[in-house]
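Here are some quick notes from my pass over this one. Have a look at the model first, then read on.

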Amino acid sequence: MTRSETLFEQAKKTIPGGVNSPVRAFNGVGGSPLFIEKADGAYIYDADGKAYIDYVGSWGPMILGHNHPKIRAAVLAAVENGLSFGAPTELEVRMAEKVIEMVPSMEQVRMVSSGTEATMSAIRLARGFTNRDKILKFEGCYHGHADCLLVKAGSGALTLGQPSSPGIPEDFAKHTLTAVYNELESVKTLFEQYPEEISCIILEPVAGNMNCIPPIPGFLEGLRALCDQYGALLIIDEVMTGFRVSKSGAQGHYGITPDLTTLGKVIGGGMPVGAFGGRKDVMQFIAPTGPVYQAGTLSGNPIAMSAGLAQMEALCEEGLYEELAAKTKRIAEGFKAAANKHGIPLSINYVGGMFGLFFTEEENVTRFDQVTQCDAEAFPTFYHGMLDEGVYLAPSAYEAGFLSMAHGEKELEATLAAADRVFAKMAK
Ligand code: PMP
């Protein structure tokens, strides 16, 4: 047994399923998960000392690569001053100013400690502000595990084949309406049915929890127009896409202005951070200025703010996003070329620093049902082939892949050479 396997057996005795977040258990691909000991640059190292080129990047935030010297230095400096105060700090002010500078639709911002908290709070605010109960989300989109959002959800919920969870009373779930991603008509129909009851639409501007599905032209603009027409708020959940798709998030990339935005892991640079923000008149509606309650002992934690600020400042470097997008294009197109060389049908999507691989004959994958119809056998085979070759991808066919600035020519080339060997074996 490897040390990872031994640790997994040990973990299962005290931790449900041996993990603290379901997808980590490798249910989507079978086998035993790697236990990670350390990470640096483009590489993670497992408990057996084996190195892997990492395309998970802690599920998104490691845009600069692991253990970046600037972030490490910022955290170590902050630690000298104490870990948590539960009182305001200058760091929080600087963080708010930085976020607002980068995402102009956010006129005010509130820090929280996870993406789940960000979306949960934004939804409560939208409901309070509009005085309406219903929300509209898309099938296959994941926004964390708040009750109202765990309905037809993506990511781990989808990986486990249970997109809506037991434990959520029907009385709660009935207020969550679900539409089809990239199909504006399905949204229109719901607004026509409930013209004065929908408080908000929440969506991933590039869906990254059902693999990687960018919005088709006109989709985001259509949602904006419907929200305006029916008096609902548009919440863009950039927990994954914020500062990954572009310096100003997916909203900057696609030129769309939401009422509220949610951010997550990326602004923490690896520390537990989330945020929600947007129109000032809406944000003023939360406590202490407004009646909608929201709070957090660790919100704006000084260590997390220091890591996040260091990351955000480094992300503003000239030309960074062009380089990240070029690396992503090279890897995604490279995977496709390697698969096709061996006669394996593979479709790809990519935008900014994220990509998706689909084992399907379909040329363009734009819908959730196309994702669920991909070859279910091919992905786990490919996955374990790549893992053996020393390439660590997200262990589920429903997750996006992530590049970092630390992925250099050497890593990209090694990854594609590995893919070529794996596809060759799969073709046999
Ligand atoms: N929204 C989106 C788009 C996400 O991808 C995620 C998690 N991957 C969340 C919300 C929830 O964030 P967290 O896991 O930090 O609670």
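1. Helices here are DSSP runs (H or I, at least four residues), numbered from the N terminus. Bear in mind that this is a predicted model: local features need pLDDT of at least 70, side-chain atom pairs count only at pLDDT 80 or more, and totals for chains, interfaces and linings use all residues. Residues are numbered from 1 along each chain as its sequence is written.

2. Now H2 (residues 69-79). Ile71, Ala74 and Ala78 are buried (20 or more other C-beta atoms within 10 Å of their own; exposed is 12 or fewer). They sit on the same side of H2 because they cover an arc of only 65° around the axis, taken from the directions from the helix axis to the C-beta atoms. Pro69, Ala73, Leu76, Ala77 and Val79, on the other side, are exposed. The cover over the buried residues includes H11 (302-315).

3. H11 also meets H3 (residues 90-102): among the residues in contact are Leu91 and Met95 of H3 and Met305 and Leu309 of H11 (C-beta atoms within 7 Å). By class, this contact has seven nonpolar, two polar and three charged residues.

Key. Helices (H or I, at least four residues) and strands (E, at least two) are DSSP runs, numbered from the N terminus. Two residues are in contact if their C-beta atoms, placed from the backbone, lie within 7 Å. Ala, Val, Leu, Ile, Met, Phe, Trp, Tyr, Cys and Pro count as nonpolar, Asp, Glu, Lys and Arg as charged, and the others, Gly among them, as polar.
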